[in-house]
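Here is a friendly walk through one protein model, written for someone who likes to know the cut-offs behind each term. Please have the structure open as you read.

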Amino acid sequence: MYRRHFLQIAGGCAALAAGEARAIADVESGTPASSRAPAPRALMKVGTQHDSSDETLPILAALGVNNICSRLPSAKLDEEWSVEGLMRLRERVEKFGIALDMVPLPLSSNEISKSENPNILLGRTPERDREIDDICQMIRNAARAGIPALKYNLTFLGVPRTGTEPGRGGARYSTFVYDKAAADPPLTEAGPVSADLYWERITYFLQRVIPVAEENKVKMACHPQDPGMPPGKGFRGVETVLGSVEGLKRFISITPSAYHGLNFCQGTVSEMLERPGEQIFDVIRYFGTRKKIFNVHFRNIRGRFLDFRETFIDDGDVDMLKALRVYKEVGVDGMMMPDHVPSITGDARGAQAFAYTFGYIKALIAAVAAEHT
């Protein structure tokens with residue numbers, strides 16, 4: 001739907017010089033530039049998260065992707081998570097002219113039976129405390145190694161989907177339709193997880209780790225539940241408390257700290273909404289004005305809560321140019337990352353789809369940057 005934005009931007013970069021952009025804005029608004037307050041600068045940058053190998057880093061550098069989140073160093077606290085190991089990782093990435101902005105913790109988006117540190121959410125003691133102690137040491141080591149942010153998930157369910165549907169040009173779009181999910185899916189190994197129990201596990205974790213993050217000045221970016229499920233019904237016995245906007249608001253309030261925030265997946269948050277093409281902008285403003293957006297999974301969807309498909313960035317219901325203007329408005333300065341892309345026949349590992357998306361994001365950032373006065 002918004003493919004035309006990319007064509008306009010890519011074909012007219014020269015026309016989007018700062019002075020001309022100001023003139024266009026003046027004509028559209030009917031307000032002289034001299035009487036308007038200066039617009040904020042665009043601070044976002046394109047980023048990615050899936051591969052930090054020596055084979056991929058020069059490709060990212062050539063495409064102008066100069067900020068990344070690495071792959072998981074290791075599933076446990078070992079040499080890869082030592083200060084020296086993390087410094088080697090950072091220095092290797094930097095050799096390609098790329099900044100290591102973030103590293104994932106071994107709290108991935110896997111279903112709980114495949115989690116690297118399951119006891120944090122299962123609540124088993126003393127294993128839970130040992131796992132949290134390891135996470136705290138990873139935070140300290142990351143700080144000493146010069147890594148400013150860590151991302152993580154707190155999920156029992158992983159990322160449920162109900163298959164794919166055909167999209168543009170025969171590409172396959174990943175989908176979730178709640179009514180097509182298993183009518184009586186089995187419980188996870190956690191058994192029934194009420195909202196109160198889930199919040200207790202989350203709070204216990206945050207109250208232990210966020211003070212360590214604050215002391216060491218490392219940002220902790222949590223991914224929402226993808227997707228959210230119906231309140232009171234949940235899925236596989238789990239009430240997905242991080243699967244709604246209200247749940248995310250409660251989450252950021254548990255431990256007030258500048259280092260406690262979100263790996264703000266715009267696609268996942270859009271999946272929580274009945275009218276994402278209208279509602280997502282105010283959600284961005286809410287968390288952005290509170291400085292809780294540490295990075296963005298900048299992807300698009302078609303559909304709504306409990307019935308959606310993940311599209312190409314320019315083929316969904318959300319105007320991504322308008323969204324990026326809101327991130328600029330609220331001063332978000334993190335990476336804009338394409339976490340998922342559709343599957344195209346012959347496109348091994350989504351390389352071409354990711355390259356297309358990187359270019360699209362870079363063009364959008366150039367456009368909103370040119371609107372600076």
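How many bridges join strand E2 to strand E3, and do they run parallel or antiparallel? Strand E2 (residues 67-69) and strand E3 (residues 99-104) run parallel, joined by three bridges. Two strands count as paired if DSSP finds at least two bridges between them.

## Ground rules

This is a predicted model, in which local features need pLDDT of at least 70 and side-chain atom pairs count only at pLDDT 80 or more, while totals for chains, interfaces and linings use all residues. Residues are numbered from 1 along each chain as its sequence is written, and side-chain values use heavy atoms, with hydrogens and water left out.

## Overall make-up

The protein has twelve helices and twelve strands. Both kinds of element are DSSP runs numbered from the N terminus: helices are H or I with at least four residues, strands are E with at least two. Of the 373 residues, 54% count as buried, where buried means under 20% relative accessible area, exposed means over 50% and partly exposed lies in between (1.4 Å probe, protein chains only).

Contacts here are heavy atoms within 4.5 Å. Taking the contacts between residues at least 6 apart in sequence, 76% join residues at least 24 apart.

## The barrel

Eight strands close into a barrel, with parallel pairing, in the order E1-E2-E3-E4-E7-E8-E9-E12. From one strand to the next, the twist averages 30°. Angles run from 0 to 180 degrees between N-to-C directions, and axes are lines fitted to C-alpha atoms, for helices over the stretch in contact.

## Around strand E9

Strand E9 is mostly covered, since five of its five residues are buried. E8 and E9 pair in the parallel sense over four bridges, and Leu262 has Ile293 in E9 as its bridge partner. E9 also pairs with strand E12 (residues 335-337), in the parallel sense over two bridges. There, His297 stands opposite Met337 in E12.

## The second largest pocket

Which residues lie nearest the centre of the second largest pocket? They are Gln49, Ser109, Lys151, Asn153 and His297, out of 27 lining residues. The pocket holds about 470 Å³ of space. On a 1 Å grid over the protein atoms alone, a pocket is an open set of points where a 1.4 Å probe fits, with protein on both sides within 12 Å along at least five of seven lines; lining residues have an atom within 4 Å of a point. Points are joined across faces, edges and corners, and the volume is the space filled by probe spheres set on them.

Strand E4 (residues 149-153) gives the most to this lining, with three residues. By class, the lining has eight nonpolar, 14 polar and five charged residues. Ala, Val, Leu, Ile, Met, Phe, Trp, Tyr, Cys and Pro count as nonpolar, Asp, Glu, Lys and Arg as charged, and the others, Gly among them, as polar. Asn153 has its place in E4 and counts as buried because its relative accessible area is 16%. Leaving aside neighbours within four places in sequence, Asn153 is in contact with Leu107, Ser108, Ser109 and His223.

## Loops worth a look

Pro224 sits in the loop between strand E7 (219-223) and helix H8 (245-253), and counts as buried because its relative accessibility is 4%. Its contacts beyond four places in sequence include Leu242, Leu248, Asn263 and Cys265. The C-alpha atoms of Pro224 and Leu154, 70 residues apart along the chain, are separated by 8.1 Å. Pro227 lies in the loop between E7 and H8, and the peptide bond from Asp226 to Pro227 is cis, with omega near -10°.

A cis peptide bond also joins Thr125 and Pro126, with omega about 5°. In the loop between H10 and E9, Lys291 has a positive phi near 60° although it is a residue other than glycine.
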